[in-house]
Amino acid sequence: MAIAAKYNAKEIEDKWYDYWMKNNYFHSEVNEKEPYTIVIPPPNVTGVLHMGHMLNNTIQDVLIRRARLQGYNACWVPGTDHASIATEAKVVAKLKAEGIDKNTISREEFMKHAWEWTDNYGGVILNQLKKLGASCDWERTKFTLDEKLYSSVIKSFVDLYNKGLIYRGYRMVNWDPEAKTTLSDEEVIYEEKQGNLYYINYKIEGSDDTLTIATTRPETIFGDSAICINPNDERFTHLKGKKAIVPIVNRVIPIIEDEYVDLEFGTGCLKVTPAHDENDKNLGEKHNLEVIDIFNDDASLNEYGLHYQGKDRFQVRKEFSKELEEKGFLVKTEQHTNKVGTSERTKAVIEPKMSDQWFLKMEDLAKPAIKAVLETGEVKLFPDKFKNTYSHWMNNIRDWNISRQLWWGHRIPAYYFGNGKEDFVVAETLEEALQLAIEKSGNKNLSAEDLKQDNDALDTWFSSWLWPMSVFDGINNPDNEEFNYYYPTNDLVTGPDILFFWVARMIIAGYEYTGKKPFTNVYLTGLVRDKQRRKMSKSLGNSPDALKLIEDFSADGVRVGLLLSNAAGNDLMFDEALCQQGKGFGNKIWNAFRLVKGWDVDKNKEQPQSAKIAIDWYKNTFQKTLVEIEDHFSKYRISDALMATYKLIWDDYCSWLLEMVKPPYGEAIDAKTLDEVISLLEDNLKILHPFMPFLTEEIWQNITERSSEDALIISTWPAQTEFDQEFIADFEMVKDIISGIRTIRKDKNISFKDTIELSVINNEKLKEDYDSVIAKLGNISAINYVTEQQENAISYRVKSNEYFIPMEGTVDVEAEIEKLKEELKYNQGFLKSVEKKLSNERFVNNAPEKVVAMEKQKKADAEAKIEAIEQSLASLQ
């Protein structure tokens, strides 16, 4: 078979991915093997491949391909998340562009549009992952709104409600006015923003007195229910029991007393707006204050906003503060920096809002998950440092607000049958709900038409926290064969930003429903940043097009580039040059393969001693590296595992082994050496396959004719055997000896084609077995073992051995003597300056220990160099 001179990545990647798919290598069924399972962190159904996905899925593919080679029944379950807020926002925007307002159509009509959108755009990202080489079991692809996954979520809600863990409460929530839904505390990001502190006068009823409050949000004045002072604040004793008048609004409100008020902050007088601040709400409940909600769902003001009704809150802030100033209520304005809550999804500023919502009690549910990670280590986090973050979140856990004011998602299975607050039932189906409603109300005449299902959907995370179970139908059917076989899964690869949102909640759900962990190991990748350490984002324009990278550098090259720049748990400084390095590595291996396959074979030729030793050395080196790789994988140091593989193949196989075994120009290689070199190449391909699947399969299939049962993807990971550490250490010395010869040849312009002699004082007792290798790679005609230094020779040391190359006939002796004298003069001058420094008592006594030690090392090095130069000069003169 003719081997292409140039590696054509695009053609080869398409060819082998189609071949793997056609032969169903990615698919897993329950069998007698030990399973190895990964569930994909489901990307948003409307998402497209970005650098974070590329890194995350490359790591997962490395782990799954390696497990497949190790003989496990490897199963990687792919899928997508319906992403309530993100998807609904896109559908609403699409409808708006078509002149349709979501509020004017029915839920059924909206859902039809949402499914149409999902069918058109959903799953794009999964097809893009195929370009990266992801070997997912595509037959198992799941979507969080699939029928079985939907029913799993509903079943879970009903179960938790019946256990008394889910309740409905009128609470202060985080309201996203853009998505028009509530958010959990974890979905709110607090950012420092520059704003103003407005000092505003309130008149005291029945007098000319005023009091001053300070606020960052003057628009909330329309919702004021009281002014609060600290009972211990002597400045305001005269205000006790009096009432104030809200500026512009002219509503009379009480002046209350509470030690909650900070005497030092602002003016010491606090306006209380129970509907729009968590702390004000608590004060309002304590003092039985009126709750006045001034906002519409889009954060425009309602009728309580008087002449500002219908205007956006930020526009009102500007206009109302101006009106307050014009009418003499605004005393002054100061610049003020404070933390503002913003929506993780829409980036809108969050508005605290009183609302009826569904909550899940978390304190008791979290206990087994705390124990599993922080006490027993049943679930391990890599890197370990994330245990502190996990501990902080889990030990300060609050009840989870699980309802969202959205239509796209899992509809809450609560059914209302009356006007009272408690006139509802929770059930998996309408039929069950009707039976429960009849029992609860005592009204036998109730019909299905009398029941009205809750309009809200569940938080997206309430479906994805079941993901490792629901993909195997473990909630609906916990005794099914697949769930019992594949669960618990093995490894989870995800980002630390969703350690609480998703990882912790999956652990909680796993213990709640199965009494078992959902996975054993959690590998938390870093964030992908650019060379300037900036987070990659569309807005900065620093995020490369993932598919364009694959086109430019090949999928294998990009995979290597991503992993070379990624250290466990640390942010990844991505540089396209590393993808170029990955591509270059692929070309190096391809050219090495072409070299080997291009050699003529002589079946009658005996194996040279140099080739035998070289192959023995590489076998030992391979085994030593295999141990290192296993250690790196066990600690999820995937980048280090790749680096060890890279060095083994580039340095040891391509640069050393092939040089040591290649036949002299114009001659054939012996069959035994060639067979062994190819066998070692096959072992290299096996350990490299998880990182560079396309290139390795192409070379593997080109080595010899193979059937579909012999494909590399389902081959066998090399077995670990004993290795000779002493042999490897000796060979490092051999490499140094050869490097010394090559350096002298280069420095002294001795042609590499000309043979030279080498003499050695063998103080290290290095075995003469290695001479054939040294002779071949150094082009040495004879190696002489001597006991004394040689005259008229250039010498160099390796450890305590001295090596001599005769000058006669190879080098201009006079020129060499002059050169050595110059070198000697320079080093003597350098030594003098170091000695002067070290003889200075002030320097030695005051300089850091490290600095003094460094100077002493410089002195020792200079003395050794001077001695070596003097010996070389003595041998030449």
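**Entry 1: naming the pieces.** I take helices (H or I, at least four residues) and strands (E, at least two) as DSSP runs, numbered from the N terminus. I also note that this is a predicted model.

**Entry 2: cis peptide bonds.** I started at P488, which sits in the loop between α14 (481-486) and β22 (491-494).

Then I looked at P383. F382 and P383 are joined by a cis peptide bond, with omega about -5°. This proline is in the loop that runs between β15 (380-382) and α10 (386-395).

**Entry 3: a positive phi.** Which residue other than glycine did I find with phi near 70°? K347 has that positive value. I placed K347 in the loop between β13 (330-343) and β14 (351-360).

**Entry 4: α2 against α5.** For two packed helices, I want the angle between their axes and the distance between the axes. Helix α2 covers residues 51-69 and helix α5 covers residues 124-132; their axes come within 11 Å and cross at roughly 60°. That angle makes α2 oblique to α5. I also checked the hand, and the crossing of α2 and α5 is right-handed.

Which residues do the touching between α2 and α5? From α2 I listed H53, M54, N57 and T58, and they meet I125, L129 and L132 of α5. By class, this α2 and α5 contact has four nonpolar residues, three polar and no charged.

**Entry 5: α19 against α23.** Next I took helix α19 (residues 609-634) and helix α23 (residues 725-747), whose axes come within 9 Å and cross at roughly 120°. These two, α19 and α23, are therefore oblique to each other. Here α19 passes α23 in a left-handed crossing.

On the α19 side I wrote down I613, D616, W617, N620, T621 and K624; they meet Q725, F727, I728, F731 and K735 on the α23 side. The classes in the contact of α19 with α23 come out as five nonpolar, three polar and three charged.

**Entry 6: empty space.** Rolling a probe the size of a water molecule over the atoms shows where empty space is left. How many cavities of 30 Å³ or more does a search of the whole structure find? I got two.

The largest cavity holds about 70 Å³ of space. It is lined by 13 residues, and the closest to its centre are L766, D771, I774, Y785 and Y803. I looked up which elements give two or more residues to that lining, and they are β28 (756-761), α24 (771-778), β29 (780-785) and β31 (801-806). The lining of the largest cavity has nine nonpolar residues, two polar and two charged.

The second largest cavity has about 30 Å³ of space. What lines the second largest cavity? My list reads W175, F295, N296, A299, E351 and K353. By class, that lining splits into three nonpolar, one polar and two charged residues.

Key:
Residues numbered from 1 in each chain as written. Predicted model: local features only at pLDDT ≥ 70, side-chain atom pairs only at ≥ 80, totals over all residues. Heavy atoms only, no water. Axes fitted to C-alpha atoms, helices over the stretch in contact; angles between N-to-C directions. Parallel < 35°, antiparallel > 145°, perpendicular 65-115°, else oblique. Left-handed = near helix turned anticlockwise from the far one by under 90°. Contact = heavy atoms within 4.5 Å. Nonpolar A, V, L, I, M, F, W, Y, C, P; charged D, E, K, R; others polar. 1 Å grid on protein atoms, 1.4 Å probe; cavity = no way out; pocket = protein on both sides within 12 Å on 5 of 7 lines; lining within 4 Å. Points joined across faces, edges and corners; volume = space filled by probe spheres on them.
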